[in-house]
Protein chains: 2
Amino acid sequence: MSLHGLSLLAGHPGKIGGKSFQAINPTTNTPLNPSFHEASPAEVNAALDDAAAAFAADRARSGADRAKFLETIASEIEALGDSLLQRAHQESGLPLARLTGERGRTCGQLRLFAQLAREGSWVDARIDPALPDRQPLPRVDIRRLLVPLGPVVVFGSSNFPLAFSVAGGDTASALAAGCTVVVKAHRAHPGTSELVATAINRAIVICGLPPATFSLIHGGGATIGIAMVKHPATTAVGFTGSSAAGRALCDAAAARPHPIPVFAEMSSLNPLFILPGALAERATAIAAGLVTSFTLGVGQFCTKPGLVFLVRGPDTDAFLQKLATTVCAAPTGTMLTSGIRDAFLEHRAKVTGLAGVHLLAAATTVIQEARTETSPSVATTSAQNFLAQPTLATEAFGPFTVVVSCENASELVACARSLEGQLTATVHGNAADLAGAHPLLAALERIAGRVVLNGFPTGVEVCSAMNHGGPYPATSDPRFTSVGTAAILRFARPVCYQNFPDALLPDALKNANPLGLLRLVEGQPTRETRA
Amino acid sequence: MSLHGLSLLAGHPGKIGGKSFQAINPTTNTPLNPSFHEASPAEVNAALDDAAAAFAADRARSGADRAKFLETIASEIEALGDSLLQRAHQESGLPLARLTGERGRTCGQLRLFAQLAREGSWVDARIDPALPDRQPLPRVDIRRLLVPLGPVVVFGSSNFPLAFSVAGGDTASALAAGCTVVVKAHRAHPGTSELVATAINRAIVICGLPPATFSLIHGGGATIGIAMVKHPATTAVGFTGSSAAGRALCDAAAARPHPIPVFAEMSSLNPLFILPGALAERATAIAAGLVTSFTLGVGQFCTKPGLVFLVRGPDTDAFLQKLATTVCAAPTGTMLTSGIRDAFLEHRAKVTGLAGVHLLAAATTVIQEARTETSPSVATTSAQNFLAQPTLATEAFGPFTVVVSCENASELVACARSLEGQLTATVHGNAADLAGAHPLLAALERIAGRVVLNGFPTGVEVCSAMNHGGPYPATSDPRFTSVGTAAILRFARPVCYQNFPDALLPDALKNANPLGLLRLVEGQPTRETRA
């Protein structure tokens, strides 16, 4: 499958000219063809103006139509076949098996949002009928539902070239809500982005949608990204990436004449707490599971456990011993880009150079620099050191974790309370541990979007109940998830219709309930029709 | 009932000292006793630190407990009797009948949120049970619900000393969600604020809640307000007031190390569109209704219709004639403060001084300056003038509206499309008008939070389906309402529990569904229990 290396603007390739760049195969450190051309400022403006026009023209489309569109995108992605996986593998260094799974997740996610859009009750339709005889004042008929916000800008992430990228969760949920989408492709996998964008475009043609329902922009990081956030037509932003970049987008959005929401998923240490009973019973299994979790995807998961807290006791040494053995034997791995590898090594060196931080173990296999490899390692420190040095509570994006030994349970809780916002927090405990763990669990619920018991935080299920979010700086807005069906709520706003005749109401609010939605009528949930 | 003139900090009066101020009776332009003492920076910090501690200590409280608290607040406000109404009347100049109605609305609102908290399904509980046999990977048990954010700062508004103030919609919805609240009293009605705060405090004592569940801060506008928004313990802000003040709070919140959401309801022109058929059939009634609506509360409603658009035609002159006659006979009224009166006069002069803007009519009764009075008036202009002069699309907070004559229907739609975000937009049309009004209605749905047909926007019903919100600058976040039960969603965030034993789950997520909530199980709504 040949790539043209251009932005895809409302169905048309962008112009050649301006700066260009190539993707780098991290396993060989060599550039991949073709060159990709950055969109010009005029092209960025046109993409968003066109997205606004398409949104205005097309927003009466039904949930069933949106569902068909999302399902067609999934089929078209699958129809790309191996060429998509091969290109993603070349650009990211991620194993084909992982990418096959990620493609399944991406298409499953599109189909889940299709179901949500087709069923339709997510619009939270509410009807408070007229009460003409109410005293002292009558009530007029009042109905509301959620409508899409408008054009949404999505930034592809580096670490999930499919599932959190061009047709990932942000795009799927925005399209399901009825928004139009302009994606800024991640520079690390522009070819993968182009392929997925062409699949979306084919789905647009098949479904007869306005071409500007979707556009893909290639460009260098900050300038084009900030321009996309500042464009007056942009109504919301989805982002997964670094704290610095995420905060820059948030600041730009907040400084607009008309501020807009930015849903930035940024950084998380995903602390893991091992309570004494669990350590006594399952030290070996926990150590093995921990290494698997913090080295998964070469540690490049936003839910990677980067901090482990335990109370020093009779089983601590056996646990650390097992952890060290397992880490020593762990494989090296190719990181996504040399930039990510360099940043990881720098951050890890900063942390291991801190007073009172000791390297416990590192994988013994020699890393191959030309393959952009790095190797897993684990450090230890005391709770006192941890509490005194905030650098220990900042994310190292790669296969590294720090075990913090606490003197007692209250120091462990103090560590938990000291943490900033996290995507996840995990506790390992047996029944006796957990019976006394209320202060810890309460502290973790305050700082984390997801609390995991006796498991590991990597692996984010795409389902109704998932919350992939959390207090700042894990995300920019703890009130929303970026994974699971509730992610759609980021891209919608309520509109109220007062005293409308039935014929002029949206179908979701008509008396006959033609869409069969679950609605709140007089505050009571029902699927009934009204006379 | 005697007033101490002090902040109320976790149940205790604040310190005397620092700056003080008195409320002014606008109907006499004389100061009211006692003097009110501004809280010191240390008191502001303590109030929020205490609110955070109370929140951390008390958040396991049940919805039923919160409901009892809200109902007790309502009873205690009612128990204040006439002294509350008298003080509010003295401080605001609002008629006793209006204040009696507003008290009813305030207490009704508290009881509505009590119902919501007691029923409990607003927490949007979701359960995706474990699928141990799923291929290729099993699914662990995943459940989520909404939990309260933390301490919320509420700014009392000038124009609703009860319903949008100390125990108004922001406070009621934040307490219903389980947040603690620190209110900044509006300087125009500090005595009313103190009385309501004492009612809340009595409810805290009766219900045995931590005293710092609620505090009231007196202070001069910007400095103390910004300090409250910037305090690290503050997790969200509710505000009703001017664009300048609202934006300053938004900017301060966005610039925090950890940004927080600000729900600011700021400014709205509430455009009203009169289509030709309606004008032919009901010119007199519409003119009369319009005058009632734009002079209600001396034009000091956030939903006051400040712009009226019509297509010049055979019935225009009769309408304008009737409008002029009605406005000429309209009563003068006392505004809330001399500052609001001055700002109104200044803004009105600016608008009526614009090229092509003509004063159509003004009430003929002589205004009494010493009573802080102003009088209703109406101006006219052309659509061409309107589109060329953005000042015409800025809010004049007082009894004034501008009628914009359009040459044809497409110019009317162009005017609609030119507008910034609004709380409401209204259309008057007969069946024939509305059959052709899709472009107009679609444009209005884009810019407004509530679209009203054949009615007037003033009068905001407190119910499930209400949306009192809208795109910027009507509010800072169009995704939320500040009136009606959905207002609670501003102050909550999801938390996910993964692989928790039933006993450790919150009641809302337990298998037995002990609270009888409507929950999403496997994505399907149900009140059933699980085995």
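Me: Which strand of chain B do bridges join to β22(A), and do the two run parallel or antiparallel?
Reply: Keep in mind that this is a predicted model. Strand β21 of chain B, residues 492–498, is joined to β22(A) by three bridges, and the two strands run parallel. For one bridge pair, look at A:Val451, whose partner in β21(B) is B:Tyr497.

Me: How many residues does each chain bring to the contact?
Reply: In general, the size of an interface is often expressed as the accessible area lost when the parts come together. Here we can count residues instead: chain A contributes 50 residues and chain B contributes 50 residues.

Me: Which elements of chain A each supply at least two residues to the side that touches chain B?
Reply: They are β7 (126–128), β8 (142–148), α8 (243–254), β22 (448–453) and β23 (492–498). Of these, β23(A) gives the most, with six residues. Sorted by class, this side of chain A holds 26 nonpolar, 13 polar and eleven charged residues.

Me: What rotation superposes chain A on chain B?
Reply: A rotation of 180°, with 0.0 Å of shift along its axis, and the RMSD is 0.0 Å. That is the relation of a two-fold axis. To find the axis in chain A, go to A:Ala254, whose C-alpha is the nearest to the axis at 3.2 Å. The same surface serves both copies, since 98% of the contact residues of chain A recur in chain B.

Me: Now within one chain: which domains does the assignment give for chain A?
Reply: The assignment gives domain 1, made of 46–266 + 481–489, and domain 2, covering 272–453. Taken over C-alpha atoms, the centres of these two domains of chain A are 33 Å apart.

Me: How many residues of domain 1 of chain A are in contact with domain 2 of chain A?
Reply: Seven residues of domain 1 are in contact with nine residues of domain 2 in chain A. By class, the domain 1 side has one nonpolar, four polar and two charged residues.

Me: Last one, on helices: what span should helix α4 of chain B have?
Reply: At 1.5 Å a residue, the 24 residues of α4 in chain B, 96–119, should span 34 Å. The end C-alpha atoms of this helix are 34 Å apart, which agrees.

Conventions: Residues are numbered from 1 along each chain as its sequence is written. Chains are lettered from A and ligands numbered from 1 in the order in which they are written. This is a predicted model: local features need pLDDT of at least 70, side-chain atom pairs count only at pLDDT 80 or more; totals for chains, interfaces and linings use all residues. Helices (H or I, at least four residues) and strands (E, at least two) are DSSP runs, numbered from the N terminus. The expected span of a helix is 1.5 Å times one less than its number of residues. Copies are superposed by least squares on the C-alpha atoms of residues with pLDDT of at least 70 in both. Two residues are in contact if their C-beta atoms, placed from the backbone, lie within 7 Å. Ala, Val, Leu, Ile, Met, Phe, Trp, Tyr, Cys and Pro count as nonpolar, Asp, Glu, Lys and Arg as charged, and the others, Gly among them, as polar. Two strands pair if DSSP finds at least two bridges between them. Domain bounds come from an automatic or database domain assignment.
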